[in-house]
Amino acid sequence: MMRVAVDVTFLCMDRQPPGPVPALPDGYEIRREVHPAVSLYRDLYNRIGQDYCWWLRRVMADTQLARVLDDPAVGVYILREHGEVAGFFELDGRQCPDINLAYFGLLPQWIGRGVGLSFLHAAIRTAWGQRPAALRVNTCSADHPRALPNYIRAGFRVVRVLREVWDIPDHAGLSVPVSLRT
């Protein structure tokens, strides 16, 4: 096990943000992946989360992950540019009436191309289309440095920040930054 200390920031949005939302750039589209294959999900999760200590789903058994992905309250939405996968987000409505933006990210080669904020707004719009009481998300000090500022800019407010210590199994295969190791 590798012990990692992170500051987890819990955020909430109590109402849909007002005003216009930035459109996705030309050539991009988002589609819900109905009953995504575990292999597809793992590929996206692992490639996007490799640099940000996404480990929980890496160590989850395939059967358990398949149950999560097959739950009608869980939606996986894939961003593509001209048909090529660029990122995904996952909305988890199992804590009804709230929805959790459980995962959100771009593949490394799409970071910095100017699509992240419009992709985030599309995720928010999709979630509010399901009429939750609130939309929640959390991020941590292991995430991309623009994650927290972008969530706040999009209309989330910080609810609390907690220091957590994670024991990440070595077999997860993550390269954890030295600054996070305890």
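**View 1. W110 in the loop between β5 and α3.** In this predicted model, W110 sits in the loop that links β5 (99-106) to α3 (116-128). The residue is buried, because its relative accessible area is 2% and the cut-off for buried is under 20%. Beyond its neighbours within four places in sequence, W110 contacts Y28, E81, E84, V85, A86 and V115. A86 is 24 residues from W110 along the chain, yet their C-alpha atoms are 6.2 Å apart.

**View 2. E81 and its partner W110.** E81 belongs to strand β3. Its side chain forms a polar contact of 2.9 Å with the side chain of W110. Neighbours within four places in sequence aside, E81 touches G27, Y28, W110 and R113.

**View 3. D92 in strand β4.** D92 is part of strand β4. Is this residue buried or exposed? D92 is buried, with 11% relative accessible area. Its side chain is joined to that of R94 by a polar contact of 2.7 Å. Setting aside neighbours within four places in sequence, the contacts of D92 are A73, V74, D98, I99, N100 and A102.

View 4. Helix α2 spans residues 62-70, and its buried residues are L65, V68 and L69. These lie on the same side of α2, because they cover an arc of only 95° around the axis. An α-helix has 3.6 residues a turn, so residues three or four places apart point the same way. What does the buried side pack against? The buried residues of α2 pack against α1 (38-49), β3 (74-81) and β4 (84-92). T63 and R67 are exposed, on the face of α2 turned away from the buried side.

View 5. Which residues make up the nonpolar surface patch? I152, V158 and V161 form it, and the patch is about 240 Å². I152 comes from helix α4 (residues 147-154). I152 counts as partly exposed because its relative accessibility is 42%, a value that falls between the cut-offs of under 20% for buried and over 50% for exposed.

Technical notes:
Residues are numbered from 1 along each chain as its sequence is written. This is a predicted model: local features need pLDDT of at least 70, side-chain atom pairs count only at pLDDT 80 or more; totals for chains, interfaces and linings use all residues. Side-chain values use heavy atoms; hydrogens and water are left out. Buried means under 20% relative accessible area, exposed over 50%, partly exposed in between (1.4 Å probe, protein chains only). Helices (H or I, at least four residues) and strands (E, at least two) are DSSP runs, numbered from the N terminus. The arc is that of the directions from the helix axis to the C-beta atoms. Contact means heavy atoms within 4.5 Å. Patches are made of residues with over 30% relative accessible area and no salt bridge: like charges are joined within 9 Å, nonpolar side chains (Val, Leu, Ile, Met, Phe, Trp, Tyr) within 5 Å. Accessible areas come from the Shrake-Rupley method with a 1.4 Å probe; for residues, only the protein chains shown count as cover. A salt bridge is a side-chain nitrogen of Lys or Arg within 4 Å of a carboxyl oxygen of Asp or Glu. A polar contact is a pair of N or O atoms within 3.5 Å; within protein, one must be able to donate a hydrogen and the other to accept it, and residues adjacent in sequence count only if both atoms are side-chain atoms.
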